[in-house]
Amino acid sequence: MISKADCFEELKSYIDILPVIDCHDHTLERIKTEDIMTFLAEGYFGSDLNSASNDREAAIMIDTNLSLEERWPVFESAYTRTRYTGYGIMVRRSINKVFGVDSLTLDTVREMQKKIPDFSDPDVYERFFSDAHIVARIADSNPPVEELVTGTVVPLPGQKWAISLPGYHAIRNRSDIETFEKALNRTVTSLDEYLGLCRGLFEEWKRKGAVCFKDQSAYKRRIDYKNPTRHEAEAVLNRILGNPRYYAEYDPDHNPLSDYLMHSFLRMARDLKLPVQIHTGHMAGIRNDVDKANVKGLRSVFEIHREVQFDIFHANWPYSQDLLFLTKNYPNVAIDLCWTHVIDPIYSRDFLMQAVSAVPHSKIHGFGSDVEGSQPHLAWAHCEMAKENICCALSELVEIEYLNMDEAGELAADWLFHNPNRFYDLGLTYKEYR
Ligand SMILES: [Zn+2]
């Protein structure tokens with residue numbers, strides 16, 4: 001996305017080499033993809049391909065029991081209808097970098113099949129991050145908790161772990177807590193003991209280098225957490241403990257146990273001095289209810305937990321106004337544009353322009369790739385797009401004399417490096433990367 005602003009190119013060459021902190025990554029291990037159609041159609045772009053076709057055709061595209069020749073016409077038909085979305089642009093840029101290919105035909109895809117890079121090779125994988133100047137990544141990679149405790153799993157170079165919260169509070173039956181019990185070799189007999197077990201695990205996470213919590217419960221429930229009494233929560237847990245065959249209805253609209261545990265975990269976040277990342281807005285896949293994921297549902301959580309710092313993900317797409325209001329009003333709320341630059345590049349650019357005029361610029365985290373271990377090429381392409389969006393927003397503000405060039409450069413460095421470095425207490429030194 002290129003701007004008409006005169007200063008765009010000059011500012012872009014400055015932004016291009018800034019060190020970047022990737023605020024959101026899902027990589028647990030490096031993975032090679034064997035099938036070119038999966039390489040092209042998996043993940044986020046797969047959702048747009050599905051949206052442009054139907055479930056049956058989306059399944060055909062990545063069905064490795066079918067030949068490339070059988071799958072190609074189905075893919076091509078959907079691809080031509082969705083190649084201008086943010087996801088489409090991300091994929092097109094990434095295949096240009098990886099294969100030197102501009103347009104997809106059956107012949108080029110056949111050639112690409114022979115040249116799929118081996119992302120399980122650390123050198124091949126890491127190159128995409130060094131090319132993007134990504135110097136650190138906050139990873140919600142959710143390793144098996146037993147392996148975390150025994151130290152048999154460690155973060156990849158540059159990764160800092162986030163503690164994935166949903167599994168700890170979406171408790172529906174006895175088996176949901178058994179993994180945690182096993183990890184610390186304890187048996188839970190009460191709500192107090194379950195909270196003690198969780199605290200023990202979170203402390204272990206922190207000792208192993210975790211820098212924050214992460215909650216993406218918005219996929220499965222409304223995020224407008226109620227504040228139930230301890231008695232209400234205890235009644236559900238006691239029933240679960242007393243009868244391993246009992247399956248508590250996990251009611252997305254009202255679950256006193258999940259709500260109570262979430263508030264308890266936020267107190268632990270305060271005590272452990274760890275910020276909390278929260279998924280809001282758009283969700284991966286299709287056919288979800290974005291209304292339940294709007295950040296406005298978290299207002300009372302922000303009011304209650306004033307000593308917890310919240311990093312609000314995905315710029316609450318498509319509800320920008322609600323997030324701008326909350327960020328302006330609550331000192332403990334920050335904005336994170338992870339994933340947003342590819343969900344909707346134009347939204348990201350407009351949002352950033354408005355954010356400069358509405359909220360303190362110290363509360364904006366500019367980038368998070370939100371990809372998995374088979375997709376370093378998408379992290380690179382996404383980062384390129386994020387830098388373009390940031391440059392578009394800032395050069396427009398220079399153009400209308402809202403900012404001067406020095407100020408625009410300062411904001412870009414804050415959004416991509418200084419703000420997340422401070423917020424997550426990463427202790428990285430800017431000069432090392434410049
Ligand atoms: Zn994510």
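**Entry 1: the S2–S3 pair**

I began at Arg137 and looked up its bridge partner in S3, which is Gln159. S2 and strand S3 (residues 159-164) run parallel and are paired over three bridges. For my notes, two strands pair if DSSP finds at least two bridges between them. Helices (H or I, at least four residues) and strands (E, at least two) are DSSP runs, numbered from the N terminus.

Before going on, I noted that this is a predicted model, where local features need pLDDT of at least 70, side-chain atom pairs count only at pLDDT 80 or more, and totals for chains, interfaces and linings use all residues. Residue numbers start from 1 along each chain as its sequence is written.

**Entry 2: the whole sheet**

I then traced the sheet that holds this pair. It is open, has eight strands in the order S1-S2-S3-S4-S5-S6-S7-S8, and its pairing is parallel. Which strands stand at the edges? They are strand S1 (20-25) and strand S8 (364-365); each has a single partner strand, so one side of each is left without a neighbour in the sheet.

**Entry 3: around S7**

I moved along to S7. S6 and S7 are parallel and share three bridges, with Phe310 opposite Val333 in S7. On the other pairing, two bridges join S7 to S8, again parallel, and Ile335 has Ile364 in S8 as its bridge partner.

Which way do the residues of strand S7 (residues 333-336) point? Val333 and Ile335 point one way, Ala334 and Asp336 the other, and all are buried. Here a residue is buried if 20 or more other C-beta atoms lie within 10 Å of its own, exposed if 12 or fewer, and partly exposed in between, with C-beta atoms placed from the backbone.

The loop between strand S6 (310-312) and helix H16 (320-329) holds Pro318. A cis peptide bond joins Trp317 and Pro318, with omega about 5 degrees. Asn316 is in that loop between S6 and H16 too. Its phi is near 55 degrees, a positive value in a residue other than glycine.

Asn142 is in the loop between strand S2 (134-139) and helix H9 (145-150).

Are these two asparagines buried or exposed? Asn316 is buried, with 29 other C-beta atoms within 10 Å, whereas Asn142 is partly exposed, with 16.

**Entry 4: helix H14**

Next I took helix H14 (residues 256-272). H14 has 17 residues and reaches 24 Å from its first C-alpha to its last, close to the 24 Å expected at 1.5 Å a residue. The expected span is 1.5 Å times one less than the number of residues.

I listed its buried residues, among them Leu257, Leu261, Phe265 and Ala269. An α-helix has 3.6 residues a turn, so residues three or four places apart point the same way. The cover over the buried residues of H14 includes helix H10 (166-169), helix H12 (191-207), strand S4 (212-215), helix H13 (230-242) and strand S5 (276-278). Lys273 follows H14 and has a positive phi, near 55 degrees.

Last, I looked at the domains: domain 1 is 36-114 and domain 2 is 122-433, with bounds from an automatic or database domain assignment. Their centres, taken over C-alpha atoms, are 30 Å apart.

How many residues are in contact? The count is 13 residues of domain 1 with 16 of domain 2, where contact means C-beta atoms, placed from the backbone, within 7 Å. Helix H3 (44-52) and helix H6 (86-99) are the elements that give two or more residues to the domain 1 side. H6 gives the most, with eight residues.

I went back to H6 itself. Its 14 residues should span 20 Å at 1.5 Å a residue, and its end C-alpha atoms are 20 Å apart, which agrees. Its buried residues include Tyr87, Met90, Val91 and Ile95. The buried residues of H6 pack against several helices, including helix H5 (68-82), helix H18 (345-358) and helix H19 (376-399). Gly100 follows H6, and its phi is positive, near 70 degrees.

Conventions
Contact = placed C-beta atoms within 7 Å.
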